[in-house]
Amino acid sequence: MAAGWLEDSAELAGVGNLPRRSAEMGNRVWCGRLGPGLVPPPGGWHPPLAFATLPPMRLLDMQAIGAELALKWDDGGESFIPLEALRRACPCAGCKGEVDALGQLHQGPEIALTAASFRLARLSPVGGYAIQPTWTDGHNSGLYPFAYLKRLGEAGPG
Ligand SMILES: [Zn+2]
C-alpha cells in the first residue's frame, strides 16, 4: 500500500514538492534521499511517462559538445547525453509509436538511421519545459521534456 510511503521521511521535506498523487498512484520517483528501508531497484524508480508530476526544473544552458549534448540545470546538475543515444531515445510518435485509447501500440514504419541522424542541426527550447532537436537528416518531431533529458543523462552507457 502507498499509505505511509512518504509520511515518515522527514528528509523528504527538503526534496521538492512531489505531488501526493504520485505516491498514491505508485509512480515512485527515486530522488536518492529516501530514508532507510526503501531501496530503489537498479536504475532507480522512475515513472514511465509521469514527467508532468515532477517538480519543475529549469534549463540554464544547452549546447552540443562534440558528439554529446551538454545540459546545465538550475539545481547545479549537468547532464551529458551522447547524441546517438538522444536520437535513439526520440519520444515522438513516429519513433516510439503511439498508444491509442484501447491501449494498442501503433508504430510507424521504421525510420532508417544514418550518420546524419545523430548530428544536430538545431536545438530549440519549447515552452520552458522541453527542447526540440532538429537532426541533420531532417527529423525534428521529438520533444524532449527536461525530466526525460535528465533521466537520459543519468542512464549512462548502455
Ligand atoms: Zn522521432
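Trainee: How many helices and strands does the secondary structure of the chain come to?
Mentor: This is a predicted model, and its elements, read along the sequence, follow the pattern α-β-β-β-α-α-β-β-β-β-β-α. Taken as a total, the secondary structure of the chain comes to four helices and eight strands.

Trainee: In the open sheet of three strands, which are the edge strands?
Mentor: The order of this open sheet is β1-β2-β3, and the pairing is antiparallel, with five bridges joining β2 to β3. An edge strand pairs on one side only, and the strands that do so here are β1 (59-65) and β3 (78-82).

Trainee: What angle does the direction of α4 make with that of β3?
Mentor: The helix α4 packs on the sheet and touches β1, β2 and β3. Its direction, compared with that of β3, makes an angle of about 75 degrees.

Trainee: Which element gives the most to the largest nonpolar core?
Mentor: This core has ten residues in all, among them Leu69, Leu71, Ile81 and Leu86, and leucine 86 touches Leu69, Ile81, Pro133 and Leu152 when residues up to four places away in sequence are not counted. The element that gives the most, with four residues, is α4.

Definitions and conventions
Residues are numbered from 1 along each chain as its sequence is written. This is a predicted model: local features need pLDDT of at least 70, side-chain atom pairs count only at pLDDT 80 or more; totals for chains, interfaces and linings use all residues. A nonpolar core is a set of buried Ala, Val, Leu, Ile, Met, Phe, Trp, Tyr and Cys residues joined through C-beta atoms within 7 Å. A residue is buried if 20 or more other C-beta atoms lie within 10 Å of its own, exposed if 12 or fewer, and partly exposed in between; C-beta atoms are placed from the backbone. Helices (H or I, at least four residues) and strands (E, at least two) are DSSP runs, numbered from the N terminus. Two residues are in contact if their C-beta atoms, placed from the backbone, lie within 7 Å. Two strands pair if DSSP finds at least two bridges between them. Axes are lines fitted to C-alpha atoms, for helices over the stretch in contact, and angles run from 0 to 180 degrees between N-to-C directions.
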